[in-house]
Amino acid sequence: MSNRTVWQTAFGGPENIEIVEAEVPVPGPGEVRVRVAAAGLNPVDWKLAAYPALAEAFRVTVPGGYGNDFAGVVDALGDGVERWSVGDRVLGAARGHAIAEFVVVPATKLVAVPGGVSLRDAATLDIAGRTAAAAVDALELTASDAVLIGGAAGGVGVIAVQLAAATGAQVIATASESNHDFLRELGAIPVAYGAGLAERVRAATDRPVTAATDLQGTETVDAALALGVSPERITSIAANGATLPEGVIATGGGNARPDALADIQRRIADGTLRLEIAGTYPIEETAAAVERLRDGHVRGKLVIAVDPALV
C-alpha cells in the first residue's frame, strides 16, 4: 500500500509543501490506523509550519507532516483495542501529520461519525467544533442574553454563532460586510469589525449586551468591556490568558466538554446546524489551499480530499 503524505520540508510558507511516499504506519497497542478520507485545515496549521518557536511548543517537527484534523475509516487495530472495529467511520486529530492516506492515533482520541454526517464535514470539526463549544458553553447563555461574537464567519465562528443562537440568546456577530447576509442566515445580527465596534453594536440592538466571545484577537473583548459586559462573561480563544483583562476567560478546544463533538454532529445530522465549506482541494493541491488560508477571509473551512472515494 502507498501512503501519500503532505510534507513540510522547511519552515516557511506553502512553497515548502511536497507530497511524498511514506511508509504505511502500523498501529501499536491501544492504537488505531485510519484510512483518511479528508482533512480540514486550520490557521494553526500554517502557523506551526511558519514559526519554529510555535512548532516547538506544540511538539511539531519540521521537516515533517502537516495538519491536525481528519476523518476517515478505521483500517487496522492495535492490540487491546475493543471499542472500534475495522470499517467504523471516525474523526480525530493527528497533530503535525493528519494529511496523509493513513494515520495512526490512540484509540481513545477518536470520535464516531454518525450517519447523516459526511466524512468531509466531519474532517473540519476537531479543532473548530471543540473550540466553539468551549467558548460558548463557558458563557452559560440563556434567552435573556445578548451575546457579541467576534470573528463570526471563520471556521470556529460559524459553529459558535449557531450554538449561541440555539440557546435563545440574541447574537450580534462581527465579520466583513461580504459575510453579513450569510450571518443573517445563521440567525445573527451582523456588524462590521474594526474601530468603533462598540458604537456599531449599540446601534444594532436595543438590548444590553450581556456576554461576548472573541474568536480573533482582542478587539471584541475590548468592545464588550466598553459595552459594560462583566469580564466573567467574556471568553477569548485567540489571546494568551496573561494578556487578557482580569476576569476574562481564556479558553480553547481543550476545555470542551467530552460530548461536544457528538452533540455538534447530532445537530448537523438533524439539520439544525450547518457547516460552511469554502473549498475542497485534492491532496495534490494542498499548497494552494494553504496559500488561500494564509491570505485570510475564508468563510468557514477549507478541506483536503485525501481519498475522494470516501469523501
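These questions and answers concern a predicted model and ask what its structural labels rest on.

Q: Why is T205 called buried?
A: Buried means under 20% relative accessible area. T205 has 10% relative accessibility, so T205 counts as buried.

Q: Where is T205 found, and which residues does T205 touch?
A: T205 is found in the loop between α7 (197–204) and β11 (211–214). Leaving out residues up to four places away in sequence, T205 touches Q170 and I172.

Q: Why is β9 described as largely enclosed by the rest of the structure?
A: The cut-off for a buried residue is under 20% relative accessible area. In β9, 5 of the 5 residues are buried, so the strand is largely enclosed by the rest of the structure.

Q: Which residues of β9 point one way, and which the other way?
A: Q170, I172 and T174 point one way, V171 and A173 the other way, and all are buried. In a regular strand the side chains alternate between the two faces of the sheet.

Q: What makes β8 and β9 paired strands, and in which sense do they pair?
A: Pairing takes at least two bridges between the strands. Strand β8 (residues 146–150) and β9 have 4 bridges, in the parallel sense. V147 has V171 of β9 as its bridge partner.

Q: How do you know that β9 and β10 pair?
A: At least two bridges are needed. Strand β9 (residues 170–174) and β10 have 3 bridges and pair in the parallel sense. T174 has V191 of β10 as its bridge partner.

Q: What is the order of the strands in the open sheet, and which are the edge strands?
A: The order of the 6 strands is β10-β9-β8-β11-β12-β13, with parallel pairing. The edge strands are β10 (189–191) and β13 (249–250), as each pairs on one side only.

Q: Which strands pair with β3 in the antiparallel sense, and over how many bridges?
A: With strand β6 (residues 102–106), β3 has 5 bridges, and V34 stands opposite V103 there. With strand β4 (residues 69–77), β3 has 8 bridges, and G40 stands opposite D69. With strand β15 (residues 301–305), β3 has 3 bridges, and A39 has I304 as its bridge partner. The threshold is at least two bridges, so each of these counts as a pair.

Q: What makes strand β3 (residues 31–40) mostly covered?
A: Of its 10 residues, 8 are buried.

Q: Why is helix α4 called largely enclosed?
A: Helix α4 (residues 125–137) has 11 of its 13 residues buried, so it is largely enclosed by the rest of the structure. Among the buried residues are L125, D126, I127 and A128.

Q: How many cavities of 30 Å³ or more are there, and what volume has the largest cavity?
A: The count is 2 cavities. The largest cavity has a volume of about 80 Å³. Its lining has 13 residues, with D45, L48, V60, G65 and Y66 nearest its centre.

Q: What lines the second largest cavity?
A: The lining consists of T124, A128, G155, V158, I159, L275, E276, G300 and K301. By class these are 4 nonpolar, 3 polar and 2 charged residues. Helix α5 (residues 155–166) gives the most, with 3 residues.

Methods: Residues are numbered from 1 along each chain as its sequence is written. This is a predicted model: local features need pLDDT of at least 70, side-chain atom pairs count only at pLDDT 80 or more; totals for chains, interfaces and linings use all residues. Side-chain values use heavy atoms; hydrogens and water are left out. On a 1 Å grid over the protein atoms alone, a cavity is a set of points where a 1.4 Å probe fits but cannot get out, and a pocket is an open set with protein on both sides within 12 Å along at least five of seven lines; lining residues have an atom within 4 Å of a point. Grid points are joined across faces, edges and corners, and a volume is the space filled by probe spheres set on the points. Helices (H or I, at least four residues) and strands (E, at least two) are DSSP runs, numbered from the N terminus. Ala, Val, Leu, Ile, Met, Phe, Trp, Tyr, Cys and Pro count as nonpolar, Asp, Glu, Lys and Arg as charged, and the others, Gly among them, as polar. Buried means under 20% relative accessible area, exposed over 50%, partly exposed in between (1.4 Å probe, protein chains only). Contact means heavy atoms within 4.5 Å.
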